[in-house]
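This report looks at helices and charged side chains. Read it with the structure open.

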Amino acid sequence: MKKYLIPFLILLIVFFSIPPFYLMAQSQSIELREPSVVYDLPYPGILPDHPLYIFKKTRDNVLVFATRDTMKKAQLYLLMSDKHIAMAAELENKGKDSQAFEQLQEAEALFAEIPPLLKTSKQQGVSATGDFMQTLFLSNAKHEQVITQVIKNITDLQVDEVNALLKLNKTSQENLRKI
């Protein structure tokens with residue numbers, strides 16, 4: 001009986017010790033990360049805290065006014081909204097939270113102008129290409145990602161303002177899906 005007791009104990013120890021070590025090794029390799037959207041934002045250029053920003057803003061307004069083709073105007077709005085999102089991230093990194101939030105609002109307002117332009121263009125017989133629509137969806141997802149990142153770091157915001165901003169983002173996404 002003693003002859004079988006020692007191997008049995010060794011087998012029992014090995015049997016009960018290997019699974020916990022295996023589970024510990026598995027749990028250490030799992031990392032929870034937020035999904036990252038693969039979409040590069042353009043370089044924002046001059047930020048609103050720069051004295052020459054007024055000239056950039058004026059130039060953008062002139063470009064919007066002068067662009068008559070609805071597809072080109074949609075592309076312009078996309079570029080401008082992406083730049084404002086990038087500006088918001090830069091301003092948040094500098095600690096200028098209120099200006100960052102203003103840029104987030106501006107970016108979402110510009111992006112919200114795109115679906116009506118695409119509808120008008122479609123009614124005129126020019127539909128958006130699949131690549132452009134894919135870019136719009138990626139941009140919208142990137143906007144949501146940047147908004148949530150920036151809002152995490154801004155502490156003096158009202159919940160209603162944040163919810164309105166995220167709702168505007170979702171509304172734009174739904175309007176894009178309807179086109």
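Glu 144 has a relative accessibility of 25% and counts as partly exposed. The model is a predicted one. Lys 170, at 34% relative accessibility, is partly exposed as well.

The side chains of Glu 144 and Lys 170 form a salt bridge, with 3.2 Å from N to O. Glu 144 belongs to helix α6 and Lys 170 to helix α7, so the pair ties together parts 26 residues apart in sequence.

## Helix α7

Helix α7 spans residues 159-178, 20 residues in total. Its first and last C-alpha atoms lie 29 Å apart, close to the 28 Å expected at 1.5 Å a residue.

Which residues of α7 are buried? They are Val 162, Leu 165, Asn 169, Ser 172, Gln 173 and Leu 176. These residues sit on the same side of α7 because they cover an arc of only 95° around the axis. The other side of α7 carries exposed residues: Val 159, Asp 160, Lys 167, Arg 177 and Lys 178. The packing partners of the buried residues are α4 (97-112), α5 (114-123) and α6 (130-153).

## Helix α6

Helix α6 has 24 residues. It reaches 35 Å from first C-alpha to last, close to the expected 34 Å at 1.5 Å a residue.

Its buried residues include Phe 132, Met 133, Leu 136, Val 146, Ile 147, Val 150 and Ile 151.

## Other salt bridges

The structure has five salt bridges. One of them joins the side chains of Asp 49 and Lys 94, at 2.9 Å from N to O. This pair links distant parts of the chain, 45 residues apart. Asp 49 lies in the loop between α1 (2-29) and α2 (53-66), and Lys 94 in the loop between α3 and α4. Asp 49 is partly exposed, with a relative accessible area of 25%. Asp 49, Lys 94 and Lys 96 are linked in a network of salt bridges.

Arg 59 and Asp 60 form another salt bridge, with their closest N and O atoms 3.0 Å apart. Asp 60 is buried, at 10% relative accessibility. Arg 59 is partly exposed, with a relative accessible area of 41%.

## Rings

How many aromatic pairs does the structure hold? The count is zero. A charge does sit over a ring, however: the charged end of Arg 68 lies over Phe 65, 4.9 Å from the ring centre.

Definitions and conventions. Residues numbered from 1 in each chain as written. Predicted model: local features only at pLDDT ≥ 70, side-chain atom pairs only at ≥ 80, totals over all residues. Heavy atoms only, no water. Helix = DSSP H or I, 4+ residues; strand = E, 2+ residues; numbered from the N terminus. Expected span 1.5 Å × (residues − 1). Buried < 20%, exposed > 50% of the residue type's maximum accessible area, 1.4 Å probe, protein only. Arc of directions from axis to C-beta. Contact = heavy atoms within 4.5 Å. Phe/Tyr/Trp six-rings, centres within 6.5 Å; stacked < 30°, edge-to-face > 60°. Lys NZ or Arg CZ within 6 Å of the ring centre and 35° of its normal. Salt bridge = Lys/Arg side-chain N within 4 Å of Asp/Glu carboxyl O.
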